[in-house]
Amino acid sequence: MENVKKEKNELWEWIKALLIAFGIAVLIRYFLFTPIVVDGDSMMPTLEDGDRMIVNKIGYTLGDPKRFDIVVFHAPEGKDYIKRVIGLPGDHIEYKDDQLYINGKPYEEPYLEQYKSELTEGTLTQDFTLQDVEPTIEVIPEGYVFVMGDNRRYSKDSRHIGIVSEEKIIGSTSVVFWPFDEIKIVK
């Protein structure tokens, strides 16, 4: 009789431990971090199709996106996109002769150097201004960002879908955890 009570008590303790572990996993997955798979070549060479990354969901709950962060957001087509933040609220964006200008000041993009060195002709980023993309605005309004993929020639980004509401951003990402032999932190 005592053995039966002991076994039931032990079984109940195991069930409680598993429920607590499952609850913690759900909390982490839905509120703190979530995995994402890079789908497509729009972030090449920084990220490759099939890379698996961890998205930090709490970073923008506590702060705002920063220039050149890699973010995941809900795109208009109902898909999640992964792109790099180029423009912040109050910024005027322009590309001329493959050079990024923010508020008239040139900015370096070191994450594009490898790609630019491999070009045999033309520019990586076609010339444009913010007004070419969003004719009714001169600067990015509060609560929005301008995003672009690193593979500028083959990226569907703010040049096509417009500026992105910060409310649509799921979080930032910088850790590739799969494939195992390519684990890295990207910038």
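This is a predicted model, and the tour goes from its cores to its aromatic pairs and then to a pocket.

**Stop 1: the largest nonpolar core.** Select Ile86, Ile93, Leu100, Phe128, Phe146 and Met148, which have the most contacts inside a core of 17 residues. Now show the elements around them: strand 5 (93–96), strand 6 (99–102), helix 4 (130–133) and strand 9 (144–148) each supply at least two residues of this core. For the other, separate core, pick Leu47, Val55, Ile170 and Val186, which are among its 12 residues.

**Stop 2: Phe128 and its partner.** Centre on Phe128; leaving out residues up to four places away in sequence, Phe128 touches Ile93, Glu94, Tyr95, Val133, Phe146, Met148 and Arg159. Both Phe128 and Phe146 are buried.

**Stop 3: aromatic pairs.** The model has five aromatic pairs. The ring centres of Phe128 and Phe146 are 5.8 Å apart with planes at 20°, so this pair counts as stacked. Phe128 sits in strand 8 (residues 128–129) and Phe146 in strand 9, so the pair ties together parts 18 residues apart in sequence. Next, select Phe68, Tyr107 and Tyr111, which form one aromatic cluster.

**Stop 4: the largest pocket.** Its volume is about 220 Å³. Strand 1 (33–37) and strand 4 (80–87) each supply at least two lining residues, and strand 4 gives the most, with four. Colour the lining by type and you'll find six nonpolar, three polar and six charged residues.

Methods. Residues numbered from 1 in each chain as written. Predicted model: local features only at pLDDT ≥ 70, side-chain atom pairs only at ≥ 80, totals over all residues. Heavy atoms only, no water. Core = buried A, V, L, I, M, F, W, Y, C linked by side-chain atoms within 4.5 Å. Buried < 20%, exposed > 50% of the residue type's maximum accessible area, 1.4 Å probe, protein only. Contact = heavy atoms within 4.5 Å. 1 Å grid on protein atoms, 1.4 Å probe; cavity = no way out; pocket = protein on both sides within 12 Å on 5 of 7 lines; lining within 4 Å. Points joined across faces, edges and corners; volume = space filled by probe spheres on them. Nonpolar A, V, L, I, M, F, W, Y, C, P; charged D, E, K, R; others polar. Phe/Tyr/Trp six-rings, centres within 6.5 Å; stacked < 30°, edge-to-face > 60°.
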